[in-house]
Amino acid sequence: MVRFILRALIAAFGLWLADVLLGGIAFSSGVYLLVAAVLLGLVNAVVRPVVFWLTLPLTVITLGLFLLIVNAAMIGLVAMFLPGFSVDGLGSGVAAAIITGIVSWLGSAFVKDEAK
């Protein structure tokens, strides 16, 4: 549970950074930012694997670049369900996916998996 909260906070930081750096991402308050981060984690755990498998041939043809579109779609899906979060277009979604992905990748270096 602690790892999930830490990862949600890292995702929230990535979304906040995307909001600061991009003009097409907006949150109406910090609460919506935290809720968006938690929802993004849930969407990435449930919906993204299904979308990944359905788009696998296109991902292979584009040498993995289509995953940026899939990640942007997951952010757009969260924005569609959360009224205090908006994404203006595919370009903003892809840029937000890149920023959030990089921040999550860097943050995962500090949040280690539990020993098995």
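This is a predicted model: local features need pLDDT of at least 70, side-chain atom pairs count only at pLDDT 80 or more; totals for chains, interfaces and linings use all residues.
Figure 1. Thr 59 touches Gly 64, Phe 66 and Leu 67, when residues up to four places away in sequence are not counted. For the protein chain, the mean pLDDT is 91, and 97% of the residues reach 70 or more.

**Figure 2. Leu 63 in the loop between H3 and H4**. The phi angle of Leu 63 is positive, at about 55°, although this residue is not a glycine. Leu 63 counts as exposed, since its relative accessibility is 77% and the cut-off is over 50%.

**Figure 3. Leu 77 in helix H4**. Leu 77 is in contact with Val 43 and Val 47, leaving aside neighbours within four places in sequence. Between Leu 77 and Leu 39, which are 38 residues apart in sequence, the C-alpha to C-alpha distance is 9.5 Å. Leu 77 has a relative accessible area of 19% and is therefore classed as buried, the limit being under 20%.

**Figure 4. The largest nonpolar core, with a close-up of Leu 15**. This core has 21 residues, of which Leu 15, Phe 27, Ala 36, Leu 40, Ile 75, Val 78 and Phe 85 touch the most other members. Two or more residues each come from helix H1 (2-21), strand E1 (25-27), helix H2 (30-54), helix H4 (66-81) and helix H5 (90-108). In soluble globular proteins, nonpolar side chains tend to be buried together. Apart from neighbours within four places in sequence, Leu 15 is in contact with Phe 27, Leu 33, Ala 36, Ala 37, Leu 40, Phe 85 and Thr 100.

**Figure 5. Ala 26 in strand E1**. Ala 26 touches Asp 19, Gly 84, Phe 85 and Ser 86, with residues up to four places away in sequence not counted. A relative accessibility of 33% makes Ala 26 partly exposed. The C-alpha atoms of Ala 26 and Val 50 are separated by 27 Å, and the two residues are 24 residues apart along the chain.

**Figure 6. The largest pocket and its lining**. The volume of the largest pocket is about 530 Å³. H1, H2, H4 and H5 are the elements that give two or more residues to its lining. The lining consists of 20 residues, and Ala 11, Leu 40, Gly 41, Asn 44 and Ser 104 lie nearest the centre of the pocket. By residue class, the lining divides into ten nonpolar, seven polar and three charged residues. Leu 40 is also one of the residues that touch the most other members of the largest nonpolar core.

**Figure 7. Val 111 in the segment after H5**. Val 111 touches Arg 3, Leu 6, Arg 7 and Ile 10, not counting residues up to four places away in sequence. Val 111 is buried, with a relative accessible area of 8%. From Val 111 to Ala 12, which are 99 residues apart in sequence, the C-alpha to C-alpha distance is 15 Å.

Key
Residues are numbered from 1 along each chain as its sequence is written. Side-chain values use heavy atoms; hydrogens and water are left out. A nonpolar core is a set of buried Ala, Val, Leu, Ile, Met, Phe, Trp, Tyr and Cys residues joined through side-chain atoms within 4.5 Å. Buried means under 20% relative accessible area, exposed over 50%, partly exposed in between (1.4 Å probe, protein chains only). Helices (H or I, at least four residues) and strands (E, at least two) are DSSP runs, numbered from the N terminus. Contact means heavy atoms within 4.5 Å. On a 1 Å grid over the protein atoms alone, a cavity is a set of points where a 1.4 Å probe fits but cannot get out, and a pocket is an open set with protein on both sides within 12 Å along at least five of seven lines; lining residues have an atom within 4 Å of a point. Grid points are joined across faces, edges and corners, and a volume is the space filled by probe spheres set on the points. Ala, Val, Leu, Ile, Met, Phe, Trp, Tyr, Cys and Pro count as nonpolar, Asp, Glu, Lys and Arg as charged, and the others, Gly among them, as polar. pLDDT is the predictor's confidence in each residue, from 0 to 100.
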